[in-house]
Amino acid sequence: ALVQAIAKESQLEEEALTATLNKILIALLLITIVVILLGYFGINKMIVDPMRLMAKQVEALSFGKIQEIFKMKRKDEIGVLNGSMNKLVDNVKSYSKFTEEIGEGNFEYEFAAASEDDELGKSLIGMRDQLRNVEEESKIRNWKTEGLAKFADILRVTDTTLEAFSQ
């Protein structure tokens with residue numbers, strides 16, 4: 001009877017210990033799930049969402065749609081990427097304004113390439129300089145044409161003989 005009582009007590013203790021371990025395992029599993037979910041949503045909010053937004057903005061820019069890019073005050077890689085995107089948008093706006101001014105004939109509009117490596121900026125400056133030269137040559141050509149036309153009018157109005165004209 002003593003052995004059975006000890007065995008029964010041992011079995012009850014084992015069941016109690018198993019129940020406690022099961023509760024601990026369930027609690028650890030729930031804590032792990034909560035930590036994973038918090039990590040997922042945290043990473044999503046801090047990394048994935050800003051990257052998706054910047055990807056949409058770059059896609060819009062690739063189709064020529066210039067829109068304001070949100071400015072982030074982050075010091076990490078995403079903040080650096082955001083700053084570079086903002087600089088790109090500013091450059092595209094600058095290029096667009098410059099070409100509008102050139103299109104209106106304002107060849108004196110102030111413009112500078114974004115850097116020494118800015119191929120588009122250098123090309124735009126070269127285009128402006130060539131258009132300015134073409135305009136100056138056109139003015140000279142028009143001046144010559146107008147002068148010849150006036151000279152022809154003078155000749156037409158006066159006598160048609162060379163002797164009368166030379167007197």
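Tutor: Helices (H or I, at least four residues) and strands (E, at least two) are DSSP runs, numbered from the N terminus. Helix H1 spans residues 2-62, and Ile24 lies in H1. This is a predicted model, in which local features need pLDDT of at least 70 and side-chain atom pairs count only at pLDDT 80 or more, while totals for chains, interfaces and linings use all residues. Residues are numbered from 1 along each chain as its sequence is written, and side-chain values use heavy atoms, with hydrogens and water left out.

Student: Why does Ile24 count as partly exposed?

Tutor: Buried means under 20% relative accessible area, exposed over 50%, and partly exposed in between (1.4 Å probe, protein chains only). Ile24 has 43% relative accessibility, so Ile24 counts as partly exposed.

Student: Why is Phe41 exposed, and why is Tyr40 partly exposed?

Tutor: Phe41 has a relative accessible area of 52%, so Phe41 is exposed. Tyr40 has 48%, so Tyr40 is partly exposed.

Student: How many aromatic pairs does the structure hold?

Tutor: There are four aromatic pairs. Rings of Phe, Tyr and Trp (its six-membered ring) pair if their centres lie within 6.5 Å; planes under 30 degrees apart count as stacked, over 60 as edge-to-face and the rest as tilted.

Student: What makes the pair of Tyr40 and Phe41 edge-to-face?

Tutor: The planes of Tyr40 and Phe41 are 70° apart, and the centres 5.1 Å, so the pair is edge-to-face.

Student: What makes the pair of Phe98 and Phe111 stacked?

Tutor: The centres of Phe98 and Phe111 are 4.2 Å apart, with 20° between the planes, so this pair is stacked. Phe98 is in helix H2 and Phe111 in the loop between H2 and helix H3 (119-157), 13 residues apart, and the pair links distant parts of the chain.

Student: Why are Phe98 and Phe111 called buried?

Tutor: Phe98 has a relative accessible area of 0%, so Phe98 is buried. Phe111 has 11%, so Phe111 is buried too.

Student: Which residues form one aromatic cluster with Phe98 and Phe111?

Tutor: Tyr95 and Tyr109 belong to that cluster.

Student: Which residues make up the largest nonpolar core?

Tutor: Seven residues make up this core: Met54, Leu61, Ile69, Met72, Ile78, Met85 and Val89. A nonpolar core is a set of buried Ala, Val, Leu, Ile, Met, Phe, Trp, Tyr and Cys residues joined through side-chain atoms within 4.5 Å. H1 and helix H2 (77-103) are the elements that give two or more residues to the core, and H2 gives the most, with three.
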